[in-house]
Structures are given as structure tokens and as C-alpha cells.
Amino acid sequence: MTKVPEPHRRQGPSALLELLAVAEEAVDEAVGWLASAGEEWSATRFKASGEEVTDADVEVEARVTRVLQARTPEIPVVGEESATAPDAPLPQCCWLLDPIDGTMNYTRGAPMYAISLAYAEEGIPLLGLVHAPSLRRRWSTGPAASSSVTEAAVAGQLPRAVVGVSGTGSGSAHTRRFLSRVQDEAYRLRMQGSMALDLVGVAEGWLDACVCVAPKPWDVAAGVALCRERGYAVLGAEGRTFSFDSPVLVAGDPALALADLWGGR
């Protein structure tokens, strides 16, 4: 059993390495099951929010959660499909889980979906793991992620940037104006349908930047940890350091310019 983090105390490299091993084990359990799940698991229904969900989303969350609760019983798991109050404050330390980020892609047989799992303290993701089953690829932070929160990489040129965009379904007038500005200013836009994989794209260099509109903690926590560990800026509204209550997330070299567009400047 992994030692439970003490309240208000950031985990050091060795503790994060132990938690990463737990995360790997939990995601392995779900990936193994998902590989043999039949088509009946991908049948779509709709949540009250209007978002698509499948039995596979629920089952993956249950399998990951069982491992996490067995190995780290004092760390609560906040998952997309089991969260009873999506906008409630997070526990001081917790796991953040999106069982299938990109459910719409999954239900249609498209490969751009992922299991996203993070460990966070005081609203800051310290560890992240993203696994894309159809791509057979996995990305994770290292044990030093807790000391890598930085806003240094903000000077990239937006007119030459390839920008990933996700979370566009809200449809508010402000969001539409913002996305129009991004399209006008950026070199190219890419819409992959997964916030987790857009953030991976920034961390890996496929994308120069990404924009996530109305992100929930489980959507982006793992990707935020990955980007910050690799030195990329992760900002919220008004160019401030991103926090989970921000209505928008921008990450990458031209993050500050993107945050300015959100504010209409």
C-alpha cells in the first residue's frame, strides 16, 4: 500500500514515483479490459449535460478506481462519470480521472481518445498519465513534476502556430468570438476532439499550442502536468496561471497571446 500524502505537504520525487506506479497499474487494468470489450460497450446515451457517455466510460472508471482505492485508500478518486457535483471544490489531494477523454471519437471508431489520470494537491496536478489505446501510446510525467510549474515559455509566434482546439460545444457568444479570433490569428487550427491529447500534442511538439474551452479538472489535469514538466506555459483567463476554475486553458509557446485573445485585447 502506498503511503498516503500528508495534508498540505507536496510530494517529493520518490513519493510521486510510487504514485506513478499505482497509476500505471490502474490504467493497465482498464486498458486490458478495453482491448477486449465488444461493440455493445460503445453504444451511446446522453448525460443531463448533453454530453455522450457509454457503458465503456463507466466500466473503465470503475476498474481504474478499484485499483486506486485498493492501493491508495486515503486518496479520493474524482472521476468524470461518478462525480455527483462536477463543480464542487476538489479534495486537498485526489486522483482526477477521465476514463475516456474523447468519447465521441471512441463511439465512432476514431483513434483519438485516451484514458487520462492525474494526481493533484491543492488544485495543482503533480503527476499525469495519458494512455491512448488505439494509438498504443502512453505518456507520463516523471518523479520531478512537482517542481516544474513554470510560465517561462510564452513568447512563441501565434501567426506561425498550429493550435489544437477542443471544448467548443458550449456555443456561447464569447466563445464563438474567441474562436474566431484564434482562427484569424493562428497559422492553422486542429480539432482532435480530446483535451488530453491536445495537451499531449503540446508536450510532444505536434502542436505549438492548444486551447481548451470550459475544461473540467479530469479533462486536463494529466496534460497540464505533462506540459508544465516539459517547460510549457499553461495559462487561464487573463494570462494568469491556469487553475481549475478558469473558463479557458491555453498551453504552449504562444499561450500568452492566446490568453489575450480570450480577454478580447
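**Note on the predicted chain**

1. The buried residues of helix α7 (residues 255-263) are Ala255, Leu258, Ala259, Leu261 and Trp262. Seen down the helix axis, these residues fall within an arc of 155 degrees, so they line one face of α7. The arc is taken from the directions that run from the helix axis to the C-beta atoms. Buried means under 20% relative accessible area, exposed means over 50%, and partly exposed lies in between (1.4 Å probe, protein chains only). Helices (H or I, at least four residues) and strands (E, at least two) are DSSP runs, numbered from the N terminus.

2. A word on the source: this is a predicted model, in which local features need pLDDT of at least 70 and side-chain atom pairs count only at pLDDT 80 or more, while totals for chains, interfaces and linings use all residues. Residues are numbered from 1 along each chain as its sequence is written, and side-chain values use heavy atoms, with hydrogens and water left out.

3. The chain as a whole has seven helices and twelve strands. It has 265 residues, of which 51% count as buried. Contact means heavy atoms within 4.5 Å. Among contacts between residues at least 6 apart in sequence, 64% join residues at least 24 apart. The chain exposes about 11500 Å², and carbon and sulfur atoms supply 50% of that area. Accessible areas come from the Shrake-Rupley method with a 1.4 Å probe; for residues, only the protein chains shown count as cover.

4. What do the buried residues of α7 pack against? Their partners are β8 (162-166), α4 (173-185), β10 (209-213), β11 (234-235) and β12 (248-252).

5. Five strands form an open sheet in the order β9-β8-β10-β12-β11, with mixed pairing. β9 and β11 stand at the edges with a single partner strand each, so one side of each has no neighbour in the sheet. Two strands pair if DSSP finds at least two bridges between them. Strands of a sheet pair through backbone hydrogen bonds, either parallel or antiparallel.

6. Within that sheet, β8 is mostly covered, as five of its five residues are buried. In a regular strand the side chains alternate between the two faces of the sheet. Both faces of β8 are covered: Val162, Gly164 and Ser166 are buried on one side, and Val163 and Val165 on the other.

7. β8 has parallel pairings with two strands that can be followed residue by residue. With strand β9 (residues 188-190), β8 pairs in the parallel sense over three bridges, and valine 163 stands opposite leucine 189 in β9. With β10, β8 pairs in the parallel sense over four bridges. Here alanine 209 of β10 is the bridge partner of valine 163, and serine 166 stands opposite cysteine 212 in β10.

8. Is strand β4 enclosed or open? Nine of the nine residues of β4 are buried, so β4 is largely enclosed by the rest of the structure. Three bridges join strand β3 (residues 77-79) to β4, and these two run parallel; valine 78 has leucine 96 in β4 as its bridge partner. Seven bridges join β4 to β5, which run antiparallel, and cysteine 93 has glutamate 121 in β5 as its bridge partner.

9. The aromatic pairs come to six. Rings of Phe, Tyr and Trp (its six-membered ring) pair if their centres lie within 6.5 Å; planes under 30 degrees apart count as stacked, over 60 as edge-to-face and the rest as tilted. One of the pairs is tryptophan 95 with tyrosine 119, which is edge-to-face at 5.8 Å centre to centre with 65 degrees between the planes. Tryptophan 95 lies in strand β4 (residues 93-101) and tyrosine 119 in strand β5 (residues 114-121), so the pair ties together parts that are 24 residues apart in sequence. Tryptophan 95 and tyrosine 119 are both buried. Tyrosine 106 and tyrosine 113 also form an edge-to-face pair, at 5.1 Å centre to centre and 70 degrees between the planes; both are buried.

10. Tyrosine 187 has charged neighbours. The charged end of arginine 160 sits over the ring of tyrosine 187, 4.3 Å from its centre, and arginine 188 lies over the face of tyrosine 187 at 4.5 Å from the ring centre. A charge sits over a ring if NZ of Lys or CZ of Arg is within 6 Å of the ring centre and within 35 degrees of the ring normal.
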